[in-house]
Amino acid sequence: MKQTEENTQDQEDLRLLRESARTLFDRAGGNDRARKLRDAGGRWSAGMITELAGAGVFGVAVPDENGGLGMGLAAAGVLAEEVGRVIAPEPIVATIGLTIGLLHRLCPDHGMLKKAIGGETVLATAWQERGPTGVAPGRSCRFAGGKLTGAKAWVSGAVGVEGYLVVAEGDDGAVLTYVEAGAAGLNVDGRRQADGSALGELSFSATPAELLAEGAAVEAALADAVSDTTALAAAELVGLSGRAFEIVLDYIKTREQFDKPIGAFQVIQHRATDLHVMQEVAQATVREALSWMDCAGTDAQARARLASRAKARAGVAAKKITRDAVQMHGAVGYTDEFDIGLFLNRALVLSAWLGDDTYHRRLWLDARDKEGAER
Amino acid sequence: MTDWNAMTDEDFRREVHQFFESEYPEELRHLPHRPTFAEVEHWHRKLHAKGWVAPAWPAEYGGMGLSAAKLLIFYEEQQRWGVNRGRDMGVQMVGPLIIKFGTQTQKDYWLPRILSCEDIWCQGYSEPGAGSDLANLRTRAEIDGDDFVINGQKIWTTMAHDATHIFMLVRTDPDAPKKQQGISFILAPMDQPGVEVRTIRTLAGETEFCEVFFDGARTPRENLVGELNKGWTMAKALLSFERIFIGSPSLAQNALGQLESFARGRGAFNDPVFRDRFAQAALDVEDHAALYARYADQLKRGETLGADVSMLKIWVTECFQRITELMIEAAGPDGGTIGPLQVGNVSVDVLASFYKARPTTIYGGSNEIQRNILSKAVLGLPG
Ligand SMILES: Cc1cc2nc3c(=O)[nH]c(=O)nc-3n(C[C@H](O)[C@H](O)[C@H](O)COP(=O)(O)OP(=O)(O)OC[C@H]3O[C@@H](n4cnc5c(N)ncnc54)[C@H](O)[C@@H]3O)c2cc1C
């Protein structure tokens, strides 16, 4: 019985959280804000970071004893969905999942965690490296004698931050280091993305860095943080496709051709219904995955599997929903003046980030095979 | 004049390929956007001098008069080398219509100017309230002395900001009992006070289509093609040219070539899943060409294409979209990145291809409309 009461209370907390996040984003201008920021050069708003921090957003999944709200990943997922609905350009998921995810696991007492939760500083996390045909399997960015040498790729939110958390290879395995944005020997190349944001390619040549953590814990924390972020990116996609679906549903009710709303044509009705089903499945999947990831008994491998499942499903749904939504808009859907294109573009970026659906289906099956073998 | 059709396929292919390879400007290969005429003018001059501007037109009008098989080879080589179509609405759309319905005077005047690109054309059909339901168009043309006076608005007019002329459907008899009656097909110059063009940005950030406003614009009455108030039937004939053109394998072939070199560079061919999906796409393209050849032959024999030509467009545009989606997949974490992606010594603009593929299922009669046509006119389903 107790369990059920707790669940109900949790659900109520999440509902309130969703409501307040939605109000905050809507007041700020919804997706119009994203369009304005994109047109102004693809930056995000520092004011929004402060406002979100004030609402406790960045610490939502951080344990209370480390200065967070301790509400878990499910709550972070609720926020990520709201971020997706308004395609907010701030690196919210990357901050919650990667930056804060690493800091609170590896150096909870470092002042940086408090500042990141408080929105006083925004950091980007650099962990992947580019190989000749895609993501490099190993790590060749080296940390030695207080200096970093090498390169990192696909750094979300890399342009405009105060500094970087960099996962590198130390003398005894992985290390987590911190590099200031203006550090000597650091070069940041922002590659423009479909939604106007930039993914950073970072290179270091004897760049001074602060050692934050080392040892086996770094590898473990990174794996967990990447799982979290992947699942949260899935939640962001679910929010995005949910809103895209609402937009197209409105459109097909109002656009008239052949003297009736196009939503009166059965093929349009069926297509809209299929998208709706797809959206509901994606939302249920992602929410379930997040809440299972919150369970104490879920080990790292199972968390990774759940995250992959969520990202695979959400990626498929968001791509299909935004593309079909453009199709059902006709030519106006292909313009920049209508909002639906913003959603299509953002879906492209979010789907590629941290691996698309094909990639995650493979990881999912690999993880499942492994767990099966262990069982 | 060379009789291309008398050559063997291999010889013809070699000849076409050699010309593109030696003459086509390197900087225009696989152009990711729709060019203005100024950007491709130097290439157009070469093509014109060679007599290759209109591969499908009969030789008597300055075309190459290619058979269906040769035409396919021409398009294949064009796409393989990444040769841009240039500003070809005149060649692909008005030209065939004038050849079919125009008077001798109209042919003599307009056709050479299309070939030389002295006139650059845009297509003024769609209006804000007349997209799929094209017959709902409201732009008026009234006879005033020797002229038509045009009032109204067109939209989605591709490259209207870089065109000298517009071919358009206008309402000439608002009192006709049916919407499809009372529509005429006219040609009009763009450079005049009563015509105003506003560009519209696409979601890819390009300015390739426009709104065109007509406020007392004029065009001589002799620019009516075909009979007054009979424009609808003719436009439908033109639409079947458009459909076979959009239904041609070229865009998908080009994308497939890009996918292949990109995926090789990315090592994607080591992956059995990718191999299968690539093979599917490649066969979708090849097998489509088999169907396409059937229609291209009909056209060559001078037969009118039936409603079933819609099949080509449905198949190839959706195939084109899948290919570009595979490119994004092969790009992995770079899949959201704007601009050319470098792999080895090739560079492929994955997003540009993706964006190009999206509207192909919307324009030229959306794929939903094509399916409606097929189910009623070909399958004979009720409703
Ligand atoms: C890139 C681009 C370039 C273009 N260039 C030109 C040009 O140069 N000149 C020109 O005149 N036009 C041009 N067009 C316009 C094009 O012809 C129209 O977009 C097309 O006819 C569809 O009309 P619409 O956009 O108003 O969509 P709508 O007709 O409003 O359709 C919206 C959606 O409803 C669906 N729908 C509509 N009716 C039905 C039905 N009966 N049954 C089932 N589904 C239905 C459509 O398939 C579509 O998915 C261009 C369009 C694009 C995207």
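Colleague: Why is A:R38 called buried?

Modeller: Buried means under 20% relative accessible area, exposed over 50% and partly exposed in between, with a 1.4 Å probe and protein chains only. A:R38 has 19% relative accessibility and therefore counts as buried. This is a predicted model, in which local features need pLDDT of at least 70, side-chain atom pairs count only at pLDDT 80 or more, and totals for chains, interfaces and linings use all residues. Residues are numbered from 1 along each chain as written, chains are lettered from A and ligands numbered from 1 in written order, and side-chain values use heavy atoms, without hydrogens and water.

Colleague: What makes A:R38 and A:D336 a salt bridge?

Modeller: The term requires a side-chain nitrogen of Lys or Arg within 4 Å of a carboxyl oxygen of Asp or Glu. The closest N and O atoms of A:R38 and A:D336 are 2.8 Å apart, which places the pair in that class. A:R38 belongs to helix 2 (residues 30-39) of chain A and A:D336 to the loop between helix 9 (300-329) and helix 10 (340-352), so the bridge ties together parts 298 residues apart in sequence. Helices here are DSSP runs of H or I with at least four residues, and strands are runs of E with at least two, numbered from the N terminus.

Colleague: Is A:D336 buried or exposed?

Modeller: A:D336 has 9% relative accessibility, so the residue counts as buried.

Colleague: How do B:R198 and B:E211 qualify as a salt bridge?

Modeller: Their closest N and O atoms are 2.5 Å apart. B:R198, at 38%, is therefore partly exposed, whereas B:E211, at 10%, is buried.
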